[in-house]
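This report describes selected local features of a protein model. The sequence and structure are shown first.

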Amino acid sequence: MSALGALGGALGLGIGLCWLLAGAAAPALGPIRKAGPGPRADLAVWVNGGVLLVGITVVVGALIAPGLGALGLGVDHCDVHDGHAHLCLRHGPAGPGWIGGFGLALLAARLPAAMAALRDQLRLERLGRGLAALGVESGGLRVVPTDAPLCHTVGLLRPTTLISGTLLAGLAPAAATAVRAHEAAHRRAHDTRVAAALELAAALFPPLAPWRRLWAAAAEELADEAAARATDRLTVAAALVQVAAAGRPPALGLGAASGGVEARVLRLLGPAPAARPRWGPVALAGLALTLLAALGGAHHELHHAAETIFSLGAPGGW
Amino acid sequence: MTTLGSLEQQVMAAVWGQPPATVREVCGRLQGVADRAYTTILTTLDRLHRKGLVERAKVNGAWVYSAAAEGRARTEADALAAALLAHGPTGLLALVEQSPDEATLDQLAALIAARRGATGGTP
């Protein structure tokens, strides 16, 4: 039970920290919404990745020393403890403490949503593969014999753009080129994988959900810009309007919240945003390396910090 | 996997979701898109027919062509597409997630047309 208690305590602490960080990042959403699509997409990925990486680092870091001790590969430092909360896989703690318990309760509360997100993703994969098998490859698009307003990119390992034959047939050649370029940009950026990862992160940590929406809007704008470079801004705007018109349900579309298309078209009627280097993936890789170095060099400190936090939660000692 | 060449794509785009058409009618649909000789389009349609992508039938002594997969594959595709669209935006990259109402679309189209006019572009 002691090992389970320590594992649960560390995991709960990491989960709680993720919630705390995700919530603390929320005030930054307002100013970031005013930035261009590149920085917005990068920051959304960075915040999601940063929160998860810090959480994982805390859990792993807190458990390295007791793990090595339990395996006989390190010094069992129980003897040097002087009464404060003890995160040990062999001797204690007696329980995860209320901080760890609270974190675990948060995890338990969100697990059904995370499982549902995973199931949704698997279902989407199956539907995508089924539709792709019925389609015909045509210039980077998989043309599916249906009248349904299909123009979607799906697939985690092999992203595929599905478009209905009827919709493609109705597009002017320039608009079709714009659609191809837009979807090719999504595939190049591995957006289906990023979307799935952010979806899962938001299911586990709901304060991250606005960052997923921020990324989704920015990813569409970035793909619009890629399409505009392949054609021109007015052609992309016209293609969006044409596809939106094809996808509009006769009655349900009325009054629907559809600010996305309108805002994107209006953006395309304005000047092109300044091209900026994408630094999000680089920054995230830098953070991952830094945290890895922290795990190697400061895992004892992380472990004791975790114990100190547990001590704060149980001032009477363990 | 069937892969289409550039002209094949344009010819398929002219028959997908359209009523059956003679070679001359397909040529007419391609005007301004891919102005090609009658015989080039005829050859392309024949090739697409051999690939199983186009069906043909003789009507009044002339071949009329239509996109294949009108039967079981289309029914299956319709069902899968409906399921995909019903799935909602979650985890799905849609070119257009939710369409605005008709009036908004008309306004946007008018704005684009006005901008094209101002920049001397073609409508």
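## Contact between the chains

The side chains of B:Asp78 and A:Thr146 form a polar contact at 2.5 Å (a pair of N or O atoms within 3.5 Å; within protein, one must be able to donate a hydrogen and the other to accept it, and residues adjacent in sequence count only if both atoms are side-chain atoms). The model is predicted: local features need pLDDT of at least 70, side-chain atom pairs count only at pLDDT 80 or more, and totals for chains, interfaces and linings use all residues. Side-chain values use heavy atoms, without hydrogens and water, residues are numbered from 1 along each chain as its sequence is written, and chains are lettered from A and ligands numbered from 1 in the order in which they are written.

B:Asp78 lies in helix 4 (residues 72–86) of chain B; helices (H or I, at least four residues) and strands (E, at least two) are DSSP runs, numbered from the N terminus. Not counting residues up to four places away in sequence, B:Asp78 touches A:Pro145, A:Thr146 and A:Asp147 (heavy atoms within 4.5 Å). With a relative accessible area of 32%, B:Asp78 is partly exposed (buried is under 20%, exposed over 50%, partly exposed in between; 1.4 Å probe, protein chains only).

## Hairpin in chain B

In chain B, strand 1 (residues 54–59) pairs with strand 2 (residues 62–67) in the antiparallel sense over six bridges; pairing requires that DSSP finds at least two bridges. B:Ala62 in strand 2 is the bridge partner of B:Val59. The two strands form a hairpin with two residues between them, and B:Asn60 in the turn has a positive phi of about 50 degrees.
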